Amino acid sequence: MIKLELQNVWLAYGSEVVVKDITFQVMPGEMVGLIGPNGSGKSTIIKAISRVISLYSGKILLDGKDVFKIPRRDLARLLGVVPQMPLLPSVFTAFEIVLMGRNPHLGLLQYEGARDLAITWQAMEKTATHTLAERRVGELSGGEIQRLVIARVLAQEPKSILLDEPTANLDISHQVEILDLIKNLCLENKLTVVAALHDLNLASQYCDRLILINNGRVHAEGTPRQVINPRNIKEVYGADGCVYTHPDIDLPVVLLKAGSSQKAKVKEALETNGD
Amino acid sequence: MNIYHTTRAPMVRTVHFPHWRRRAYAILGLLIALGGVAAFATTFGSVQIPFLTICHVLFSQLPLVDIAPTWPSTTETIILEIRLPRVILAGLVGAALAIAGATYQGLFRNPLADPYLIGVAQGAALGAVIGFLLPFNWYGMGFGIIPLLAFTGALISVAIVYNLARVGKTLPVTTLILAGVALGALWGSIVSYLIITSGEKMHGIIFWLMGSFSLSEWSEVRVVLPYVVVGVAIILLYARSLNIMHLDEEQAQQLGVNTERLKLILLAAATLITAAAVCFVGTIGFVGIIIPHAVRLVWGPDYRFLLPLSVLTGAIFLILADLVARTALAPTEIPVGVVTAICGAPFFLYLLRRKKRAVFF
């Protein structure tokens, strides 16, 4: 059980600052969603927490320890990442890819033992990828690869999971299946979960808390009810009056109307002005 | 603590890994084949020696084995002092080039990478050519100035490429390859100029550049052996990390691989064994690129098997190539680099066609 903390984090690619002064905490057993438009900095934050890009300033603490001072192998035992659109080498078999998740648990002179194989197999069963075990990655569909990468994270047995658009390539039944699985793991094992999601309705239903990011800054933070409201959606996404309540559960849903985008509005306004 | 799998884990049936057992058998089979091929290669030469005599002589050299010599002492000299060091050196160089090629391909995620990609060969060639052109020769540690300069040239050019390509603390792979290709082209043009102006030494230089084992002696085996053994051992240790590097650097880091350190260690190991291999025998092309791909096509991409299988296949291949080089047009020797290309290219194309798999890297 570990806590994840971001303190006044600034991130930049070269001299271009993309994330400005972000501070938030994620407690064990909590699933936090990062939402916001494309290019708002969600993926960048995920990359920084997993130490793929370095900090411009600020601090990221995992279990009270500075992430950038934890050796990579130790960090990979604490933190697993499902990257956005992962590239996998096409000649490896699905099983070999999932088995790679065991890497941080093995020493230089160690080979995967029976236990590692069993854990790998279970991870594949949980994600319904075990039927693909001997297939080569090149023959798999985008959704199958997405589930494979999630199986790899499960095989990694981390205490915290970061997901970058985990449902981007999945059809609706698999979207729900994967998020149910992650949500259950999060609750049962008190995992610390951060998911960057572009689907606001999924974010609203699965996340305990949402952080709405716009232009690299936190625009709003709180429960789905507090964050997904017409005003925030209009300010960040520029879409008007599209927040409703889910008919079965008391959570906000976003339903768009054709022609309601900002651009269409501008065009309409120009046309009316021209008359 | 197993927080994910509280229920008893089901035993994974080995039926899911039939290829693992197949690859383990392949390693064993190739090991035996290597011994057989090495003994077979020693039977050929200006004097034909029966296979059984070779085996007897070799076994009589082992401690605790007492076989009364039924062969003339000249036979023993031919086997032990002339043919055996040559066969062993060919095997060592083949193993070194093959594993170095596999390592570079994995590290750079580039199927065209070979041991000479980052300027090793061109640096070695420049060093050797300078050695040829020096008006004096110098012998130290049992070998001449040419291998010494070749080895130095290889290491210097890799050091230059490495420092050119480095950006802060990271080493972007594309920059590394570009810097290697650019520096290699520079060295190559200098070598061409030196060859043209070299006069009567031209033949020796060109023969060295194409690779030859004609001057193999035990002293050279003793120099090359430690580099190859240590280098191969280091690379084998990181086989699992190479598998993960094959994903991409970001995922490798997230799976606990220190990618920058891995690149440095493997680059150093692969470069050292390549430099040690080429400094005596010249730049032998094709082995480093063809052997790992052939192994990959037959036994799959898993580096834990790919690396040892490449070592064995590379050794067998170059022993046989050298056998052809010294016997096909005897007493004239063909440069072994010519043989590796002539034998290797069609074989590789055959493998490529047979598998008919669009992607195999």
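Mentor: Let's begin with strand β3 (residues 31-35) of chain A, which runs parallel to strand β8 (residues 192-196) of chain A and is joined to it by four bridges. Here strands are DSSP runs of E with at least two residues, helices are DSSP runs of H or I with at least four, and both are numbered from the N terminus. Two strands count as paired if DSSP finds at least two bridges between them. Within this pair, L34(A) stands opposite A196(A) of β8(A).

A word on the model: it is predicted, so local features need pLDDT of at least 70 and side-chain atom pairs count only at pLDDT 80 or more, while totals for chains, interfaces and linings use all residues. Residues are numbered from 1 along each chain as its sequence is written, and chains are lettered from A and ligands numbered from 1 in the order in which they are written.

Now step back to the whole sheet. In chain A, six strands form an open sheet with mixed pairing, in the order β6-β7-β8-β3-β9-β10. The edges are held by β6 and β10 (217-222) of chain A; each has a single partner strand, so one side of each is left without a neighbour in the sheet. From one strand to the next, the twist averages 15 degrees.

Finally, look at the helices. Helix α5 (residues 142-156) of chain A lies across β6 and β7 of chain A, and runs at about 175 degrees to β6(A). Angles run from 0 to 180 degrees between N-to-C directions, with axes fitted as lines to C-alpha atoms, for helices over the stretch in contact. Helix α9 (residues 230-237) of chain A also packs on the sheet, touching β9 (209-214) and β10 of chain A, and its direction makes about 160 degrees with that of β10(A). For touching, two residues are in contact if their C-beta atoms, placed from the backbone, lie within 7 Å.
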